[in-house]
Amino acid sequence: MRPRLNIDKLLAGISAASPEDRRRMRANAEGWLATGSDAQREAARRLVDAMDDRERNEHDALVGELRGLDTAERVIRAFTVQPMSETEAKLIQVLLDHPGSTSRKLTQALGWKAQSWPMHFGTMCAKRALYLWPAPEADGRDGKFFCGILADLKEPENLFTMKPDAAAAFAKLGLAPRA
């Protein structure tokens, strides 16, 4: 038999819960929704609704706070809240060191194969899009061009260069062109 769901205690703890705790709370509530008694499902629904409301309010507050920041400040904030990994630092550094390069050249400069630089750079940008700004639409295919959040692309040559405000922010974070 499952332990009793103490909904009032859980509801009171949402605001102080870590992201991992919230994921666990949500997963447990979804279990109650799927297999619990009527009372357990009702309590779980209240918890999920309260968590949704809290997350929506936090998102709206963050968007409002970020709206007042300039581009460089947003980049700094994004990479402070979600610090860059060693690989992400390399992705940024190679672009700073080789402005006006193709994705193939950037990938080769990293010692990688295929054209993996844009995939990893785009993933890095997408992970922080909330703190930065929306990705532009991709030309020639459906979807977003996540590399375009922090990098400019000169077409038709397909040459990447770090956006100037992003480069200034990365300099403040300790990454500047080496040449």
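Q: What makes a residue buried, exposed or partly exposed in this predicted model?
A: With a 1.4 Å probe and protein chains only, buried means under 20% relative accessible area, exposed means over 50%, and partly exposed lies in between. The model is predicted, so local features need pLDDT of at least 70 and side-chain atom pairs count only at pLDDT 80 or more, while totals for chains, interfaces and linings use all residues. Residues are numbered from 1 along each chain as its sequence is written, and side-chain values use heavy atoms, with hydrogens and water left out.

Q: Why is W117 called buried?
A: The relative accessible area of W117 is 0%, and the limit is under 20%, so W117 counts as buried.

Q: Why is F160 called buried?
A: F160 has a relative accessible area of 5%, which is under 20%, and therefore F160 is buried.

Q: What makes W117 and F160 an aromatic pair, and what makes the pair edge-to-face?
A: Rings of Phe, Tyr and Trp (its six-membered ring) pair if their centres lie within 6.5 Å, and planes under 30 degrees apart count as stacked, over 60 as edge-to-face and the rest as tilted. For W117 and F160 the values are 5.0 Å centre to centre and 65° between the planes, so both conditions hold. The pair links helix α7, which holds W117, to strand β2, which holds F160, 43 residues apart. W117 and F160 also belong to one aromatic cluster with F121 and F145.

Terms used. Helix = DSSP H or I, 4+ residues; strand = E, 2+ residues; numbered from the N terminus.
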